[in-house]
Amino acid sequence: MSLAIFDLDHTLIGGDSDHAWGEFLCRKGVVDETEYRAANDRFYEEYLRGEMDIHQFLNFALNPLAQHSPEQLDSWHAEFMQECIEPIILPKAEALLQQHRERGDFLLIITATNRFVTAPIAKRLGVDDLLATDPEMINGRFTGKVAGTPCFQGGKVTRLQQWLEQTGHNLKDSWFYSDSNNDLPLLEVVDNPVATNPDERLRTTAEARGWQILQLVE
């Protein structure tokens, strides 16, 4: 059994679930629309440039989770899935997942976007496990803080290594599909790195290193 690892945003779905969740909260009136949207857009642009401070972003993005009950958040998330996520699930991505599934591979999503946002998406896509940035919970409620290592850039490698030790999986004949140059640290440690719907910087790197380039967006 080989490990098939997938980034989520702009890889298996045709958008960014973290940014889309912020937009959804703005439209619902859950947060101050003007202020929150401006910050959400700024962090997203910093992410695309590879300049985002993950801890500053998480202080911003996890704060709304602490302001509401899990029941209310789950209700909003169900709307979010239907309104924002279902329309951007990529058919070619689902076919790729099925291809690895039929090979008998273990399917793992690894994403910087927090687990609250991404766990239902991973379940919808039918993968075997999920590594995501974990929001801290105390007494059944989110605190607005992060628990453990954020699953971002080199933190993805750290979290994956911890997961490998816990589960007994290994990276022999492993695959990793990602769109983002932010994921270069993890792309460099798998046997089969695949630049998937790559941003300009990752495409340049993939071409220089002879990595496979895959386009799942039609």
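Trainee: Which residues of α6 are buried?

Mentor: Ala93, Leu96, Leu97 and His100. Buried means under 20% relative accessible area, exposed means over 50%, and partly exposed is in between, with a 1.4 Å probe and protein chains only. Seen down the axis of α6, those buried residues fall within an arc of 100 degrees, so they line one face of the helix. The arc is that of the directions from the helix axis to the C-beta atoms.

Trainee: Before I go on, what ground rules apply here?

Mentor: This is a predicted model, where local features need pLDDT of at least 70, side-chain atom pairs count only at pLDDT 80 or more, and totals for chains, interfaces and linings use all residues. Residues are numbered from 1 along each chain as its sequence is written, and side-chain values use heavy atoms, with hydrogens and water left out.

Trainee: And how are helices and strands picked?

Mentor: They are DSSP runs numbered from the N terminus: helices are H or I with at least four residues, strands are E with at least two.

Trainee: What covers the buried residues of α6?

Mentor: The cover includes β1 (3-6), β2 (106-114), α7 (115-125), β5 (175-178) and β7 (212-214). Contact here means heavy atoms within 4.5 Å.

Trainee: How far apart are the end C-alpha atoms of α6?

Mentor: They are 19 Å apart, which agrees with the 18 Å that the 13 residues of α6 (91-103) should span at 1.5 Å a residue. The expected span is 1.5 Å times one less than the number of residues.

Trainee: Tell me about His100. Is that side of things buried or exposed?

Mentor: His100 is buried, with a relative accessible area of 1%. Leaving aside neighbours within four places in sequence, His100 is in contact with Ala4, Phe6, Asp105, Leu107, Trp175 and Tyr177.

Trainee: New topic: the sheet. What is the strand order?

Mentor: It's an open sheet of 7 strands in the order β4-β3-β2-β1-β5-β6-β7, with mixed pairing. β4 and β7 stand at the edges with a single partner strand each, so one side of each has no neighbour in the sheet. Two strands pair if DSSP finds at least two bridges between them.

Trainee: What about β1?

Mentor: Both of its faces are covered: Leu3 and Ile5 on one side, Ala4 and Phe6 on the other, are all buried. β1 pairs with β2 in the parallel sense over 4 bridges, and Phe6 has Ile109 as its bridge partner in β2. β1 also runs parallel to β5, joined by 3 bridges, with Ile5 opposite Phe176.

Trainee: How many bridges join β2 to β3?

Mentor: 5, and the two strands run parallel. Ile110 has Leu131 as its bridge partner in β3.

Trainee: Where do they sit for accessibility?

Mentor: Asn139 counts as exposed at 78% relative accessibility, and Asp173 is partly exposed at 32%.

Trainee: What does Val127 touch?

Mentor: Leu97, Leu107, Ile109 and Ala122, not counting residues up to four places away in sequence. Val127 is in the loop between α7 and β3 and counts as buried at 15% relative accessibility.
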